[in-house]
Amino acid sequence: MTKDVEMAARNGGGGDYYPPHPHHGGAGGEDVDDDGKRRRTGTVWTASAHIITAVIGSGVLSLAWATAQLGWVVGPVTLMLFAVITYYTSGLLADCYRTGDPATGKRNYTYMDAVGSYLGGWQVWSCGVFQYVNLFGTAIGYTITASISAAAVHKANCFHNRGHAADCSVYDTMYMIIFGIVQIFFSQLPNFSDLSWLSILAAVMSFSYSTIAVGLSLARTISGSTGKTTLTGVEVGVDVTSAQKIWLAFQALGDIAFAYSYSMILIEIQDTVKSPPAENKTMKKATLLGVSTTTSFYMLCGCLGYAAFGNAAPGNMLTGFGFYEPYWLIDFANVCIVVHLVGAYQVFCQPIFAAVETYAVKRWPGSEFITSEHPVLTGKSCRFSVNMFRLTWRTAFVVVSTVLAIIMPFFNDILGFLGAVGFWPLTVYYPVEMYIRQRRIQRYTSRWVALQTLSFLCFLVSLAAAVASIEGVSESLKHYVPFKTKS
């Protein structure tokens, strides 16, 4: 057994596998943390960048549509309500990064580790299913979304040159393949700690296209060419039938609820943060910064977008061509979306990469194919090495997710279902149950009842959104033709 693998074994195999670095001192020639792993360097700012990259997806551009389904009263209230719920439950989850003392207790490197430490049994495996299926689904969904935004650049130029009534549709497949090739290269970044610069760039991109959408909505609202808005949203008998109103309201609730969700990667982000101060304190500050920033943009995009388009708000303000001019600004915004999704794809896939590679090191500790690192860059400030197993399996992962995106271009409807199913257990149920176990809260006390009530209400939201998503998938399948989907 090599020295590298012995280190991984002593660490319990959790989290990312870090090869030793020859330029550090400390125990074993390496500058390490209390668990023997390479010293973490994350801060409030890098953690916030990871959160914003994960949370502010291009879904922010659909919030005008969601607000249109719910109206001026329920829409903004729902946005604020789920911001508060996300912030609160994220704080509960951050306290579970260490078992026992928040500063010196045993580290839990992944969400599954935390659930295993506090709840154990079948709940560990159910958590793994919810978490990793959602992460894999998100990778496929982001591939599709990025291709739609890339195609929108072509369409914006086409509409500008040939008129708004022209047929500017284009096949998405080529853009999906290009996105996949780019991800093959970025997937070779070994772990979350090496993603900080990419997350910061992605966060800047999300600010950019969100600001553009807000600015264009505000300009349209000021100009007076706005759609009709109401207190209750789309009107039964005018815009939709009563059955459609219910389905669309459920979909909108679900979209808003899991637009904030990043719990599935919170522990993994927290595992990049340095201490002191205690990681949970840093993570709570990062959560406050991330969620408050996100909520500001969500409120602006949702409310100003609804004010601009009214009950006819498009599903995506920038790719659904709610705006045609200035075409160059629409092009820039869609390029920002693509760049952001390059970073967001990595943020959501790194936990999957870490889980598989950690298992492989434990299962085959003597295999050089799995454990050997081949240095490419060895400078003090810039280090990079290639691992053949990492290169092979991560490339295969990207290829599979890209092929599935091409085969199932309606997958975003399926992703809506996965998000609905995963929202309650990952964002609410497990954090609440671990907090109850951690603080030894007695059954039927006022705090216990309040926490269980919150969990049950969020379960109902998940259930309603899941049912509405199934209806959306069934509609998409009626028009599905493999490899022939246009934007």
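A residue is called buried when its relative accessible area is under 20%, exposed when it is over 50%, and partly exposed in between (1.4 Å probe, protein chains only). The structure described here is a predicted model, in which local features need pLDDT of at least 70 and side-chain atom pairs count only at pLDDT 80 or more, while totals for chains, interfaces and linings use all residues. Residues are numbered from 1 along each chain as its sequence is written, and side-chain values use heavy atoms, with hydrogens and water left out.

The protein chain contains 15 helices and 4 strands, where helices (H or I, at least four residues) and strands (E, at least two) are DSSP runs, numbered from the N terminus. Of its 487 residues, 57% count as buried. Contact here means heavy atoms within 4.5 Å; among contacts between residues at least 6 apart in sequence, 80% join residues at least 24 apart.

Two helices, α4 (residues 111–118) and α5 (residues 122–162), have axes that come within 9 Å and cross at roughly 160°. The pair is therefore roughly antiparallel, a label for angles over 145 degrees, on a scale that runs from 0 to 180 degrees between N-to-C directions. On the α4 side, the contact is made by Y111, M112, V115 and G116. The residues of α5 that take part include W125 and Y132.

Further along comes α13, which covers residues 388–407. From first C-alpha to last, this 20-residue helix reaches 29 Å, close to the 28 Å expected at 1.5 Å a residue, the expected span being 1.5 Å times one less than the number of residues. Buried residues in α13 include F389, W393, F397 and I406.

The loops also deserve a look. D101 is found between β1 (98–99) and β2 (106–107) and is partly exposed, at 39% relative accessibility. Although D101 and A278 are 177 residues apart in sequence, their C-alpha atoms are 9.9 Å apart in space.

Most residues other than glycine have a negative phi. R440, in the loop between α14 (411–439) and α15 (446–477), has a positive phi near 55°. Y444 lies in the loop between α14 and α15, and its phi is positive as well, near 70°. R440 counts as exposed because its relative accessibility is 69%, and Y444 is exposed with a relative accessible area of 63%.

Methods:
Angles under 35 degrees count as roughly parallel, over 145 as roughly antiparallel, 65 to 115 as roughly perpendicular and the rest as oblique.
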